[in-house]
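Student: I'm new to this one, could you walk me through it?
Tutor: Gladly, let's look at it together.

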Amino acid sequence: MESVTKEDQNMIYFELQEYCEKEFGFNILQATRINRGWLNLKWKMETNQGTFLLKEYNQVRFKLSDLTQLQTTLEIHQKLHTEGISCPRLLTHAGQILHITNNNRRFVMMDFREGDVVKPGKVNEEQIHDLGRQTGKMHRLLNMELSIHNPKPQFNPPSKESRLSHWYNLFRDAEMEDKQWLLPFVELQIKATEAFDYAMLTACEGGLAHRDLWVDNILFHDNRLSAILDFDRLNYDYPELDIARAIISCSLFNDHFQLGNAMAFLNGYRTERDFPAGNLERALRMLWYMESTWWINNNMDQHSVPPARFAEEMLWLSKSHLELKEMFGSM
């Protein structure tokens, strides 16, 4: 459901168009709205100086207090592009990457990257190998050449007791609301949580990560990666969560996990950065431990397409928790 009316979208666009033509000095010949992403508005803009993408940051989602972090993220994005990562070049004006209109509309302009968004589970081995190579290079650059002060991972894993309490409460609520369809899903989470080796999380290495690396934020052209997009959530966390998120997003289709894809990604990744054998199992378990409570809930029957896909992934991981070591332990 649209969070911004059509009239408001048009008003915002005309304001941004006026700013761009004045400050960047080009004529906009055609603009096409891109209906992707949460709240932020995007347009493909054909100009007399090339084709660009305009992205407006929603004023509710990105409050003034977020500007410093957003600015830092954009600067890192630009440096990654300069270092050869497949991500769009951001246009600057007066030395600024983040542009702000008189009405406090915050936006960026970037090169438009041609490419296809491949559906979850439909990425082929050549494509995912290239994605793995670029992800490894991105992680290496982020964590060798870039640094932040007082790093603290964004994900603070709750105790098993706290997580079990969450699932027991959800089970009780589902019973009270007569949502019988939800009970088997919650039972899966309880069993997987009881079996979860919480101690494995202490071995996870922190570092800067993309933190939203799934198929909607990846473009492919033929069998090669065209671009990694949407670095808005980039922050200090656990890079292996990027690996797990990318692999399951690209490899799980109709409840079947394509092991060849996982191996192809890791082979590409390891050409740029070390990732010890056996760590994929831990990364996938950690991804489930972090995200399962986001997507398995008493409203999941009303999920739109992306949350429904994430819920499918979490259910597969919980159903398969006893087999993960056999499947991925040597990878």
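This is a predicted model: local features need pLDDT of at least 70, side-chain atom pairs count only at pLDDT 80 or more; totals for chains, interfaces and linings use all residues.

Student: How many residues sit between β7 and β8?
Tutor: There are two residues between them in what is a hairpin, and Asp222, which lies in the turn, has a positive phi of about 55°.

Student: And is β8 enclosed or open?
Tutor: Strand β8 (residues 224–228) is largely enclosed by the rest of the structure, because four of its five residues are buried.

Student: Switching topic, what's the strand order in the open sheet of five strands?
Tutor: The order is β1-β2-β3-β5-β4, with antiparallel pairing. At the edges stand β1 (28–34) and β4 (99–100), and each has a single partner strand, so one side of each is left without a neighbour in the sheet.

Student: What packs on that sheet?
Tutor: Helix α1 (residues 6–23) does, touching β1, β2, β3, β4 and β5 (106–111), and the direction of α1 makes about 45° with that of β2.

Student: How many bridges join β2 to β3?
Tutor: Seven bridges join β2 (residues 41–47) to β3 (residues 50–57), and these strands run antiparallel; Lys44 stands opposite Leu53 in β3.

Student: Last one: is α6 covered or exposed?
Tutor: Helix α6 is mostly covered, with 13 of its 13 residues buried.

Technical notes:
Residues are numbered from 1 along each chain as its sequence is written. Side-chain values use heavy atoms; hydrogens and water are left out. Two strands pair if DSSP finds at least two bridges between them. Contact means heavy atoms within 4.5 Å. Axes are lines fitted to C-alpha atoms, for helices over the stretch in contact, and angles run from 0 to 180 degrees between N-to-C directions. Buried means under 20% relative accessible area, exposed over 50%, partly exposed in between (1.4 Å probe, protein chains only).
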